[in-house]
Amino acid sequence: MASQQPFTADDFGIYYVLTECTDHYDPFPVNGADENQPHFQGVTGLQNLGNTCYMNAILQCLCSISPLVEYFLSGKYITALQKDCSEVATAFAYVMTDMWLGDSDCVSPEIFWSAFGKLYPAFMKKTQQDAQEFLIYVLNELHETLKKYHRRRSYEKRSIPRFCRKMIANESSIITRLFEGQLNYSIICLKCENCTYKNEVFTVLSLPIPSKYECSLQDCLQCFFQQDTLTWNNQIYCSFCETKQETAVKANISKAPKIIVFHLKRFDILGTMKRKLRTDIHYPLTNLDLTPYICPIFRKHPKYNLCAVVNHSGDLDGGHYTAFCKNSVTHAWYNFDDTRVREIPDTSVQTATAYLLFYSCQPFSIPIQKHKS
């Protein structure tokens, strides 16, 4: 992080709402809204700064996740900021504030883009970038900035099967609380049948696309979670056999996140050839059932509802990103195409250009903004 920090925690105070939030929350701004076309909170376009549609699409999706927005609008993030690395998180709070509390139909994300670009110069080149990669960088950076160290009790070994136990994490943040999940891999040696287990944390789950023309999200999930046999050069070392052996590997979810993000692997590489899979993938807007893939003892929230989509149209080198987001104030879906924003019917949310799918296990309420204490 750069040593010079143009933003301070106190600066955020100018954005606090000056009226108490009540049960009869008014979703319309006090001023700046046309009577015929009211400006709803969280329904704000973003200026394209030069091939930054990938960033705008991701920011729109994150802006639609109410628990994350509330964390920043309420000022809770300020007490969690790590010293000397607060610039990106503070800039992110500025953008969220402009999008939710401002009275403009369109705002510039330049303050965030500039802060983020100081850490990751590749994103400052105004060239085509991958939205999924950008999302992972943003989530990681926010986590590093806002993480807190703590001790977490382990589960009683007698009460939970060994293959379903979670790792004992020593740090957490708003990002881990919302987005972090955990996969558990069972690894079976096909010679001696010895079984070992491996855990892997994820914030974005990359799913293979099993069909060239048409399939469902459940087809992608089944393909990801099916048992694979590793042979030849992919063999795994077995500590019992003391040599590499053919191995069966199967994954399940041992910790299901509150917000689960699916990355549909549309960009494929075959040798030296690159291609984009244009498969029409059918995904549900409500009641996505993850029960078959979650370790039984952790099936607390097995069903999820769609809250945002990142779309990619065009080719690998000349594409364009847009976002579909469901607003927690109006409960309507909106199409965000940089500065252009329009409401769309539920039936238009299903498209063949979907690239990232954001699902939530709980419905979103309107983010609450508090007074400055």
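The model is predicted: local features need pLDDT of at least 70, side-chain atom pairs count only at pLDDT 80 or more, and totals for chains, interfaces and linings use all residues. Residues are numbered from 1 along each chain as its sequence is written, and side-chain values use heavy atoms, with hydrogens and water left out. Helices (H or I, at least four residues) and strands (E, at least two) are DSSP runs, numbered from the N terminus. Buried means under 20% relative accessible area, exposed over 50%, and partly exposed in between (1.4 Å probe, protein chains only).

- Strand S22 (residues 354–360) is largely enclosed by the rest of the structure, because seven of its seven residues are buried.
- Strands pair here if DSSP finds at least two bridges between them.
- S13 (residues 259–264) runs antiparallel to S22, joined by five bridges, and Val 261 stands opposite Phe 358 of S22.
- S18 (residues 303–313) is also antiparallel to S22, with six bridges; here Leu 306 stands opposite Tyr 359.

**Asn 194 in its loop**

- Asn 194 sits in the loop between strand S5 (181–189) and strand S6 (195–202).
- Asn 194 has a relative accessible area of 17%, so this residue is buried.
- Setting aside neighbours within four places in sequence, Asn 194 is in contact (heavy atoms within 4.5 Å) with Ile 187, Ile 188, Cys 189, Ser 239 and Phe 240.

**Helix H8**

- In helix H8 (residues 217–225), the buried residues are Leu 217, Cys 220, Leu 221 and Phe 225.
- These residues lie on the same side of H8, because they cover an arc of only 120° around the axis, taken from the directions from the helix axis to the C-beta atoms.
- An α-helix has 3.6 residues a turn, so residues three or four places apart point the same way.
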